[in-house]
Amino acid sequence: MEIIIQPTPEAATSIAAKLIAKLLREKPNAVLGLATGSTPVALYRELVALKLDWSKVTTFNLDEYIGISPQHPQSYHSFMWENLFQHVNVAVKNVNIPDGMAKDVPASCELYEKKIKAAGGIDLQILGIGTDGHIGFNEPTSSLVSRTRIKTLTQQTIRDNARFFGSEEAVPHHVITMGIGTIMEARQNLLLAFGDKKAAAIAEAAEGPVTAMNPASALQFHATAKFFLDAGAASKLKKADYYRWVYENKPVWQQF
Ligand code: F6R
């Protein structure tokens, strides 16, 4: 696991954007795994500004709420079109987001897994992290080998996401999410986290034991996982000085 700590979310976002841009330039038909929420908004803005060619890119989103239509302003479909897809030349047929209105949700989850495989697997997965350590919507105690499926949100996540819906009551309880096993198969995993509110979850994920109680800790078993943090999210890391020193002293051949 590589931990990159920057003074601000903007600085951390820029480095992550550079890595994603490098992949899209080297592999124009890359398969990207995408996240929603507040964290990647600036990342998507930066990727749009880089004017990359998305015409051959395939995307798979991590998750979606069950029971809200793609047109709902808080659906992850709406989020993705608003924040990224409408600003780049991605082909609509190459965009994949779990279907929260599917008649047979378990069957749609199985199909989603098949589509990821058929696309050749995910080259690079973008992740945020919940204050309870969730990645995608894999809440604590999720199986570390889980696949795309239905999950029930924790009270903590419902409270955290109430800011998007106006009230806790309006937040759907059920979601479709890629599993931890699905995420672990991505060839690269970039996790972004900003602010003190994420500090405890990040410290547990990076320096605690690998446990289903903090699903992001599974990334300790991912060969190339990278965490991009601002000072707030890094504030509870015991070895923060070491991570900073490593990044600042990278020889040219190791720089991003
Ligand atoms: C969203 C997702 C979630 C969020 C997490 C953090 O697609 O997968 O894991 O990344 O809930 O959300 P924010 O960024 O809003 O703090």
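**Sheet and ligand site**

Strands β2 (residues 31-34) and β3 (residues 58-61) run parallel and pair over four bridges. Strands here are DSSP runs of E with at least two residues, numbered from the N terminus, and two of them pair if DSSP finds at least two bridges between them. Within this pair, Val-31 has Thr-58 of β3 as its bridge partner. The model is a predicted one, with local features needing pLDDT of at least 70, side-chain atom pairs counted only at pLDDT 80 or more, and totals for chains, interfaces and linings using all residues. Residues are numbered from 1 along each chain as its sequence is written, and side-chain values use heavy atoms, leaving out hydrogens and water.

Zooming out, β2 and β3 belong to an open, parallel sheet of seven strands, ordered β1-β10-β9-β6-β2-β3-β5. At its edges sit β1 (2-5) and β5 (95-96), each pairing on one side only.

Now for the ligand. It is surrounded by 15 residues, the closest being Thr-39, Asp-63, His-134, Gly-136 and Lys-198; a residue counts as near if one of its heavy atoms lies within 4 Å. Sorted by class, this shell holds four nonpolar, eight polar and three charged residues, with Asp, Glu, Lys and Arg taken as charged, Ala, Val, Leu, Ile, Met, Phe, Trp, Tyr, Cys and Pro as nonpolar, and the others, Gly among them, as polar.

Polar contacts are pairs of N or O atoms within 3.5 Å. A backbone N or O atom of Ser-38 lies 2.9 Å from a ligand oxygen. Polar side-chain atoms also come up to ligand oxygen atoms, at 2.4 Å for Thr-39 and 2.7 Å for Lys-198. Taken alone, the ligand exposes 410 Å², and the protein buries 94% of that (Shrake-Rupley areas, 1.4 Å probe).

Key: Polar contact = N/O pair within 3.5 Å; in protein donor to acceptor, adjacent residues only side chain to side chain.
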